Amino acid sequence: ATESCQATVLKKGKSPPTEEAHEEPLLLAELKPGRPHQFDWKSSCETWSVAFSPDGSWFAWSQGHCIVKLIPWPLEEQFIPKGFEAKSRSSKNETKGRGSPKEKTLDCGQIVWGLAFSPWPSPPSKKLWARHHPQVPDVSCLILATGLNDGQIKIWEVQTGLLLLNLSGHQDVVRDLSFTPSGSLILVSASRDKTLRIWDLNKHGKQIQVLSGHLQWVYCCSISPDCSMLCSAAGEKSVFLWSMRSYTLIRKLEGHQSSVVSCDFSPDSALLVTASYDTNVIMWDPYTGERLRSLHHTQLNPPMDDSDVHISSLRSVCFSPEGLYLATVADDRLLRIWALELKTPIAFAPMTNGLCCTFFPHGGVIATGTRDGHVQFWTAPRVLSSLKHLCRKALRSFLTTYQVLALPIPKKMKEFLTYRTF
């Protein structure tokens, strides 16, 4: 066997019954790592992180054993559901004399925990490139950041697979990474050393801020799409909200009963979701700190005793690209799909040892990673957003909750715009 990944097409399987008749997610494909390095006892096989590039043309998979696979998207045609049209790999991006993109293997030398793509296209950074590759032409480039077991962050150029920078500063595992969506090449890292660090890749990866205050390992960091806020979740019951302008703490969100391990902002920045080992997802208004809704992960087949108290502990939560759905992965071997306005899941899919999940940026597909180093691709609800939601999304992209509440409009309209109509 080789180290190259193996892809398998899987047919729709049985999943637990739901209260409502919604189509179950279809398992489209599963990628499995090749045989691990012989005698490589230091490496682990978990897929702690998966990511799509913002334009949807690449998929990054931390497949364990210190390896990250960069896979052009879409996969081979037989893996894509009928009617799924990927808006990726446009001729503008791929035919400038470079030929078709090819799968790349990045050997990071350490267990890889966090992955993050830069926005596409990134503004070309002459400083970043000139220092390492002066011969490279002045073109926009897509960047992948990898957070490693030894506290290092390695920065790669996706098209070539070249290592650009090595960022040092963290004293323990870099658990999560997030780029500012604006394209400024500001990178936030979250670590087990209980800090978050802010890096400017336009300044050779200079560390510009250290955010302290967490008392436990920091598991997750998420930057709001409007680039105004940063959310961080650690092994604590509270979540921290930071200003991305002043790098100061705005507020702590308190409501969970156990460690918070995952967080994500809605595409319009108006909502924040947090997932905890307490089996709940909480939906917040990040501007007011108000708790809007809780989504409880009940077991479909509860055990007869209390031996599996944490069987529904959550691992990951993420918003769909249009902002109408959530996906969650829990230890009860289920991927759940939630509609924003409903309190119970609309669909389930059986998956074993799930650790992370993310939506394809153009919708229709969810990628999940497992403890076994596998990646699974599932169908996700494809929806045509209502005109009401499109208007809300557009307005909330630049209006805070307080600004909406100050508008001279009817109360019901304010409630809709601030997601108070659940």
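1. A search of the whole structure, which is a predicted model, returns zero disulfides. Cys220 takes part in no disulfide, although the nearest cysteine sulfur, that of Cys263, lies 3.5 Å away. Seen from the other partner, the closest cysteine sulfur to that of Cys263 is the one in Cys220, and 3.5 Å is too far for a bond, because a disulfide is counted here when the two sulfur atoms are within 2.5 Å.

2. Both members of this pair should be read together with their surroundings. Cys220 counts as buried, with a relative accessibility of 9%, and Cys263 is buried as well, at a relative accessible area of 5%.

3. Helix H3, which covers residues 387–396, has His389, Arg392 and Arg396 among its buried residues. Viewed down the axis of H3, the buried residues fall within an arc of 60 degrees, and they therefore line one face of the helix. In general, an α-helix has 3.6 residues a turn, so residues three or four places apart point the same way. The packing partners of the buried residues of H3 are helix H4 (401–405) and helix H5 (411–417).

4. For the chain as a whole, the secondary structure comprises five helices and 29 strands, and 56% of the 422 residues count as buried. Of the contacts between residues at least 6 apart in sequence, 53% join residues at least 24 apart. The protein chain exposes about 18,700 Å², of which carbon and sulfur atoms supply 52%.

Technical notes
Residues are numbered from 1 along each chain as its sequence is written. This is a predicted model: local features need pLDDT of at least 70, side-chain atom pairs count only at pLDDT 80 or more; totals for chains, interfaces and linings use all residues. Side-chain values use heavy atoms; hydrogens and water are left out. Helices (H or I, at least four residues) and strands (E, at least two) are DSSP runs, numbered from the N terminus. Buried means under 20% relative accessible area, exposed over 50%, partly exposed in between (1.4 Å probe, protein chains only). Contact means heavy atoms within 4.5 Å. Accessible areas come from the Shrake-Rupley method with a 1.4 Å probe; for residues, only the protein chains shown count as cover. The arc is that of the directions from the helix axis to the C-beta atoms.
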